[in-house]
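Please read this dialogue with the model open beside it.

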Amino acid sequence: MSSHPTILVTGATGNVGGQVVAQLRDRGGVRVRALTRDPSRAVLPDDVEVVGGDLSDPEGLDAALDSVDAVFLSFPTLQADERALELVARLAKHAGRIVYLSAEGVPDDRGAPSQGIIGSHAVLERLVEDAGVEWTFLRAGGMATNTLGWADQVRETGVVRGPYERLSRSLVHEADVAAVGVLALTADDLLGARPVITGPEILTHVEQAAIIGETIGRPVRYEEIPPEEMRTVILDEWGWPAETADAALEAWAAMVDNRDGVTTTFQELTGRAATPFRRWAADHADDFR
Ligand SMILES: NC(=O)c1ccc[n+]([C@@H]2O[C@H](COP(=O)([O-])OP(=O)(O)OC[C@H]3O[C@@H](n4cnc5c(N)ncnc54)[C@H](OP(=O)(O)O)[C@@H]3O)[C@@H](O)[C@H]2O)c1
């Protein structure tokens with residue numbers, strides 16, 4: 001890679017991608033180019049080059065990819081799957097390195113079956129691996145940002161209604177995932193690696209809701225609803241296909257008895273402790289108030 005490489009960050013207005021932009025700027029020594037579908041609406045720092053482009057339209061990405069050395073790829077899983085082959089080929093034509101935001105649970109065995117969101121990430125990993133570029137797959141555990149989906153209920157009622165109150169996860173801060181992504185983009189130690197990045201502690205839905213409440217100074221309670229009721233919410237409000245909804249509900253049900261693991265990857269790679277959920281909630285307290 002050149003001494004002052006240009007890095008295209010996709011998902012730059014989103015959770016992890018936004019943090020990658022911020023941390024690359026803090027680090028310096030690279031040119032940051034941020035991709036968004038609508039540059040007129042994107043809120044990004046003035047010194048970041050903002051380019052328009054849609055990952056589901058790979059042919060329209062040439063300007064965004066001009067003279068790019070590396071790409072941070074946050075893929076709109078399930079929304080652009082049918083264009084994934086062309087997209088990865090396009091990225092690989094321009095950039096020598098792709099750091100892909102994947103997910104914990106993708107099987108290492110390429111032949112192993114996987115479905116739903118994990119299946120989509122497995123396909124993307126294989127495409128990138130076969131594209132002849134340097135790569136790193138950030139296998140992120142469940143993101144703490146998933147609980148932002150509770151924000152309306154927290155504000156309006158203080159009661160979060162959802163499935164499986166005992167479902168336990170080691171939710172990871174988007175800044176921690178991004179920090180590993182920045183290492184993978186700017187140094188060679190993580191080439192060909194698939195780091196699994198989780199939060200530092202396992203918390204049930206009930207505990208997560210209580211911590212959010214303690215952080216904003218108002219009680220927040222988790223109320224379990226039957227999986228069938230949640231299935232209706234996923235289909236009608238989230239707009240997911242039935243197959244994906246069923247795969248998600250099955251995966252969540254399994255997490256009640258098979259608790260998420262905690263990895264030490266973040267600490268080993270960065271020398272810092274992974275961010276606890278309580279700190280994440282404080283960083284996002286305004287989203288819940
Ligand atoms: N949530 C989890 O627990 C979890 C765990 C592991 C991995 N992941 C993966 O992380 C990735 C990001 O997920 P997230 O939910 O956190 O999303 P997010 O960061 O909120 O993603 C939204 C971002 O994606 C961009 N985007 C959406 N569709 C696009 C398109 N067609 N072309 C270009 N950019 C597009 C948006 O940009 P504009 O609107 O500005 O265009 C926005 O910056 C996904 O692949 C997800 O599967 C999530």
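**Reading a predicted model**

Apart from neighbours within four places in sequence, Thr215 is in contact with Arg278, Ala281, Ala282 and Ala285; two residues are in contact if their C-beta atoms, placed from the backbone, lie within 7 Å. This is a predicted model, in which local features need pLDDT of at least 70 and side-chain atom pairs count only at pLDDT 80 or more, while totals for chains, interfaces and linings use all residues. Residues are numbered from 1 along each chain as its sequence is written.

Q: Is Thr215 buried or exposed?
A: A residue is buried if 20 or more other C-beta atoms lie within 10 Å of its own, exposed if 12 or fewer, and partly exposed in between, with C-beta atoms placed from the backbone. Thr215 has 20 other C-beta atoms within 10 Å, so it is buried.

Q: Where is Thr215 found, and how many residues apart in sequence are Thr215 and Arg289?
A: Helices (H or I, at least four residues) and strands (E, at least two) are DSSP runs, numbered from the N terminus. Thr215 belongs to helix α7, residues 205-216. Thr215 and Arg289 are 74 residues apart in sequence, and their C-alpha atoms are 9.9 Å apart in space.

Q: How many helices and strands are there in the protein?
A: The protein has 12 helices and 11 strands. Of its 289 residues, 41% count as buried. Among contacts with a separation of 6 or more, 75% join residues 24 or more positions apart.

Q: What radius of gyration would a compact globule with 289 residues have?
A: The rule is 2.2 Å times the number of residues to the power 0.38, and the radius is taken over C-alpha atoms. For 289 residues a compact globule would be near 19 Å, and the protein agrees because its value is 19 Å. Along the principal axes, the C-alpha atoms fill a box of roughly 50 × 40 × 40 Å.

Q: At what angle do α1 and α6 pack?
A: Axes are lines fitted to C-alpha atoms, for helices over the stretch in contact, and angles run from 0 to 180 degrees between N-to-C directions. Helix α1 (residues 15-27) and helix α6 (residues 174-186) pack at about 55°, with axes 8 Å apart. That makes α1 oblique to α6; angles under 35 degrees count as roughly parallel, over 145 as roughly antiparallel, 65 to 115 as roughly perpendicular and the rest as oblique.

Q: Which residues meet there?
A: Residues of α1, including Val16, Val20 and Leu24, meet residues of α6, including Ala175, Ala178 and Val182. The residues of this contact of α1 with α6 divide into eight nonpolar, five polar and two charged. Here Ala, Val, Leu, Ile, Met, Phe, Trp, Tyr, Cys and Pro count as nonpolar, Asp, Glu, Lys and Arg as charged, and the others, Gly among them, as polar.

Q: At what angle do α8 and α9 pack?
A: Helix α8 (residues 227-238) and helix α9 (residues 242-257) pack at about 140°, with axes 10 Å apart. They are therefore oblique to each other. Met230 and Ile234 are among the α8 residues, and Ala245 and Leu249 among the α9 residues, that meet. The contact of α8 with α9 has nine nonpolar residues, no polar and one charged.

Q: Where does Ser67 lie?
A: Ser67 is in the loop between α2 (62-65) and β4 (70-73). Its phi is near 60°, a positive value in a residue other than glycine. Ser67 counts as exposed because it has 12 C-beta neighbours inside 10 Å.
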